[in-house]
Amino acid sequence: EYKRQVLNCLHIIAMYNRIRKNPKAPFVPRTVIIGGKAAPGYHMAKMIIKLITSVANVVNNDPLVGNNLKVIFLENYRVSLAEKVIPATDLSQQISTAGTEASGTGNMKFMLNGALTIGTMDGANVEIAEEAGEENLFIFGMRVEDVAALDKEGYDAMKYYKKNPELKQVMDQITGGFFCPQNPELFKDLTNMLFKHDRFKVF
């Protein structure tokens, strides 16, 4: 969860909606590759993986989207898979909440292989910024002190949901069963977490 793969997934849905809304608008074709795995008892991680694969199923089979957007989930992500994917990557998204990632050096491997890093000031992104210069990364989002300030003030997911129409549409699609019509309630635990007790402030 701290890697915020679900944030990546919400972005995919937002891009999907943009393409569907205006299929003729210029859009740089993109293949999003997400790697991961879940411990046997880690329910939320399994739900996130299920959401990603369900979204992939819809996006990849929508004729209106065509080749503009494709989603691939690499199951059981491990070194042998990383060796294949990392050299081929153009954009490395490292988006954990500032102050949550103790280490993680995958982003260094991506950068050494020529991928541009877009991410938060967290984990090994901090070291990369120190060594390579912050101008060589695309940093966005809260810094550690911003996260602390928001914790003090109190993080209210509903505020962001109500304020951002694109985010609202994405969440309404998930809660409404758009990505899993045969079981519309499937992602209830995940959406409940995002709305009510999200430690990682995805919205």
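Modeller: Before we start, a pocket here is an open set of grid points with protein on both sides within 12 Å along at least five of seven lines, and its lining residues have an atom within 4 Å of a point. The model we are looking at is predicted.

Biologist: Happy with that! Which residues lie nearest the centre of the largest pocket?

Modeller: That pocket holds about 1,400 Å³ of space. Its lining counts 50 residues, and those nearest the centre are Q5, I33, I34, G35 and F110.

Biologist: Which element gives the largest share of that lining?

Modeller: Several elements give two or more residues to it, among them α1 (5-21), β1 (30-36) and α4 (106-112). By class, the lining of the largest pocket divides into 25 nonpolar, 15 polar and 10 charged residues. The largest share is seven residues, and they come from β1.

Biologist: And for the second largest pocket, where does the largest share of the lining come from?

Modeller: The second largest pocket has a volume of about 590 Å³, and L7, H11, F140, V202 and F203 are the nearest to its centre among 26 lining residues. Two or more residues each come from α1, α7 (157-163) and α8. With six residues, the largest share comes from α1.

Definitions and conventions
Residues numbered from 1 in each chain as written. Predicted model: local features only at pLDDT ≥ 70, side-chain atom pairs only at ≥ 80, totals over all residues. Heavy atoms only, no water. 1 Å grid on protein atoms, 1.4 Å probe; cavity = no way out; pocket = protein on both sides within 12 Å on 5 of 7 lines; lining within 4 Å. Points joined across faces, edges and corners; volume = space filled by probe spheres on them. Helix = DSSP H or I, 4+ residues; strand = E, 2+ residues; numbered from the N terminus. Nonpolar A, V, L, I, M, F, W, Y, C, P; charged D, E, K, R; others polar.
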